[in-house]
Amino acid sequence: MFLSIDPADPRPLYVQIMDAVRHAAAGGALRPDDALPSVRQLATSTRVNPNTVKQAYRELEREGVIYTRRGQGTFLAAGAAVRPRKRAALLRPVAERALRDAHRMGAGAAELIAAIEALQREAEESERAAAEHTLRGSGAAAG
């Protein structure tokens with residue numbers, strides 16, 4: 001499942017659901033015409049009231065992000081593919097929350113950016129190490 005709800009997040013649950021669908025579309029986890037979980041499935045997996053999921057889906061449908069086919073389900077709309085401008089708009093609240101949290105800890109934007117870049121380097125190194133391990137493993141099996 002592409003979606004997780006954070007009870008500590010100050011945003012309403014339906015907004016978290018909407019943002020998760022948008023982020024899944026932006027990241028390529030959801031593509032146009034991909035089916036979304038049913039209201040009941042999503043409510044059960046996230047442990048939220050089905051009315052909350054309905055509200056999120058209703059808002060997303062109103063925005064043209066998703067569409068519903070009666071009897072078939074809810075799907076990501078073709079126009080929901082995230083363009084660079086839209087991606088920037090989605091990233092802004094993420095950046096605002098990160099910067100606000102950094103400020104609460106007494107750190108500034110430069111320190112936050114440095115921490116993000118360090119995380120990126122660590123992730124890339126982990127991916128490289130995993131790829132090398134996989135290659136060595138398949139080479140040993142072949143030899």
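## Helix packing and the nonpolar core

In helix H1, Leu13, Tyr14, Ile17, Met18, Val21 and Arg22 meet Thr52, Val53, Gln55, Ala56, Glu59 and Leu60 of H3. The residues of this contact comprise eight nonpolar, two polar and two charged. The model is predicted.

H1 covers residues 13-27 and H3 covers residues 50-62. Their axes come within 8 Å and cross at roughly 50°. H1 and H3 are therefore oblique to each other. Their crossing is right-handed.

Next comes the core. The largest nonpolar core has 20 residues. Ile17, Val21, Leu36, Val53, Ile66 and Leu76 touch the most other members. H1, helix H2 (39-46) and H3 each give two or more residues to this core. H1 gives the most, with six residues.

Two residues show contacts between parts of the chain that lie apart in sequence. The table leaves out neighbours within four places in sequence.

| Residue | Residues in contact |
|---|---|
| Leu76 | Val21, Ala25, Leu30, Arg31, Pro32, Asp33, Asp34, Leu36, Val65, Ile66 and Tyr67 |
| Ala35 | Leu30, Thr74 and Phe75 |

Leu76 touches Val21 and Leu36, among others. Val21, Leu36 and Leu76 are among the core residues that touch the most other members.

Ala35 sits in the loop between H1 and H2. Is Ala35 buried or exposed? Ala35 counts as exposed because its relative accessibility is 53%, and exposed means over 50%. Ala35 and Ala77 are 42 residues apart along the chain, and their C-alpha atoms are separated by 9.8 Å.

Methods
Residues are numbered from 1 along each chain as its sequence is written. This is a predicted model: local features need pLDDT of at least 70, side-chain atom pairs count only at pLDDT 80 or more; totals for chains, interfaces and linings use all residues. Side-chain values use heavy atoms; hydrogens and water are left out. Axes are lines fitted to C-alpha atoms, for helices over the stretch in contact, and angles run from 0 to 180 degrees between N-to-C directions. Helices (H or I, at least four residues) and strands (E, at least two) are DSSP runs, numbered from the N terminus. Angles under 35 degrees count as roughly parallel, over 145 as roughly antiparallel, 65 to 115 as roughly perpendicular and the rest as oblique. A crossing is left-handed if the near helix is turned anticlockwise from the far one by less than a right angle, and right-handed if clockwise. Contact means heavy atoms within 4.5 Å. Ala, Val, Leu, Ile, Met, Phe, Trp, Tyr, Cys and Pro count as nonpolar, Asp, Glu, Lys and Arg as charged, and the others, Gly among them, as polar. A nonpolar core is a set of buried Ala, Val, Leu, Ile, Met, Phe, Trp, Tyr and Cys residues joined through side-chain atoms within 4.5 Å. Buried means under 20% relative accessible area, exposed over 50%, partly exposed in between (1.4 Å probe, protein chains only).
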